[in-house]
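Let's take a friendly walk through part of this structure. Please have the sequence and the 3D view ready.

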Amino acid sequence: MTVDDTGSDSAAEPPEPPSRAGEVDEEPEKDPLALRLEGLILGADRRYTPFQAARSAGVSMELASRFWRAMGFPDIGQAKALTEADVLALRRLAGLVEAGLLSEAMAVQVARSTGQTTARLAEWQIDSFLEGLTEPPEPGMTRTEVTYPLIELLLPELEEFLVYVWRRQLAAATGRVVQAADDEEMVDRRLAVGFADLVGFTRLTRRMEEEELGELVEAFETTAADLVAAHGGRLIKTLGDEVLYAADDAGTAAEIALRLIETMANDDTMPELRVGIAFGTVTTRMGDVFGTTVNLASRLTSIAPRDAVLVDGAFAVELTRTGDAPASEAEAAEAAAAAEKEGEEPPSYRFALQPMWQRPVRGLGVVEPWTLARRG
């Protein structure tokens, strides 16, 4: 007996398919509090097996499994573990495909990108946020007695905030896309890409306690994220001792890089930092960036001196094109002399560029890096 589209029992339904090898038909017995918390968070009780959920949503079991795995959830055989919300999510994704708004492959990508992003967010909230808040406030109280009412109070507020931030980010991303020069630029865009890397991090991991190391990484990521956002860049991802960011123009990327160096240099608890930036065509997928430009920025970071910024030739050309840096000090002096002769204000450059020796870079041939610094 299965559940039909309206939720009523029907004896005429076809039998459910047997579970595949390696899957279980029943989940391990769950803790009663865990089940109560799951019901509170999901807003519904367990009601469907995967087969029943797929049938109720009007999608094939194969497509439902693809969506489910893309969201980051394991196969559960035919355990009755899904809710009405799971059915609705399947129905919505399948409806976007049926309406021709998304291809099936794109719908799976939507599921995967959303699942990966929210999984990390949920893990962070539990590990760093709720874990601390659910410490019993009074002797004799158990974590069980604190957790349920706390989540009951926090859940609607966190949900509203999540939707607010998502809408804000969606508006910003949409604005960048509609300003693209052509359709190709929406996917393959010219961006400045920067890597910032803590120097000697591997040695630190051997000397520091795990808790201290975690605090250092969190402080670095928080500082980097704040500086990138404040100056108009986009934080692509953090990798513990390294952050990857992007900016639409070279001047913004340069300002972020130098601010990172200056901020870390003024913090005695932080290791030294090095930054590499490249400018060029970048492919964007699921919030990440790929391509030769990204690889070049990473290689420049690995050869950058401590507390210094290295950029590639294309980035240097872009800075001079926009008037943020002179092509050379001789050119700057000529421009200043010409302006003085005409009784005008001399050009105001924010940055200085110094060419370095050409050198081979693994996988990318010979490049000519430039050091970036503040002018004056």
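This is a predicted model: local features need pLDDT of at least 70, side-chain atom pairs count only at pLDDT 80 or more; totals for chains, interfaces and linings use all residues.

Now look at strand 5 itself, residues 242–247: six of its six residues are buried, so the strand is largely enclosed by the rest of the structure. In a regular strand the side chains alternate between the two faces of the sheet. Here, Glu242, Leu244 and Ala246 are buried on one side, and Val243, Tyr245 and Ala247 are buried on the other, so that both faces of strand 5 are covered.

Next come the helices. Helix 9 (residues 210–230) and helix 10 have axes that come within 10 Å and cross at roughly 145 degrees, in a right-handed crossing. From helix 9, Phe220, Thr223, Ala224, Leu227 and Val228 meet Ile256, Arg259, Leu260, Thr263 and Met264 of helix 10. This contact has seven nonpolar, two polar and one charged residues.

Helix 10 (residues 250–265) also packs with helix 12 (residues 313–321), at an angle of about 110 degrees and with the axes 9 Å apart. These two helices are therefore roughly perpendicular to each other. Helix 10 brings Ala250, Gly251, Ala253 and Ala254 to the contact, while helix 12 brings Phe315, Glu318 and Leu319. By class, the residues here divide into five nonpolar, one polar and one charged.

How values were computed. Residues are numbered from 1 along each chain as its sequence is written. Side-chain values use heavy atoms; hydrogens and water are left out. Axes are lines fitted to C-alpha atoms, for helices over the stretch in contact, and angles run from 0 to 180 degrees between N-to-C directions. Helices (H or I, at least four residues) and strands (E, at least two) are DSSP runs, numbered from the N terminus. Angles under 35 degrees count as roughly parallel, over 145 as roughly antiparallel, 65 to 115 as roughly perpendicular and the rest as oblique. Contact means heavy atoms within 4.5 Å. Ala, Val, Leu, Ile, Met, Phe, Trp, Tyr, Cys and Pro count as nonpolar, Asp, Glu, Lys and Arg as charged, and the others, Gly among them, as polar. Buried means under 20% relative accessible area, exposed over 50%, partly exposed in between (1.4 Å probe, protein chains only). A crossing is left-handed if the near helix is turned anticlockwise from the far one by less than a right angle, and right-handed if clockwise.
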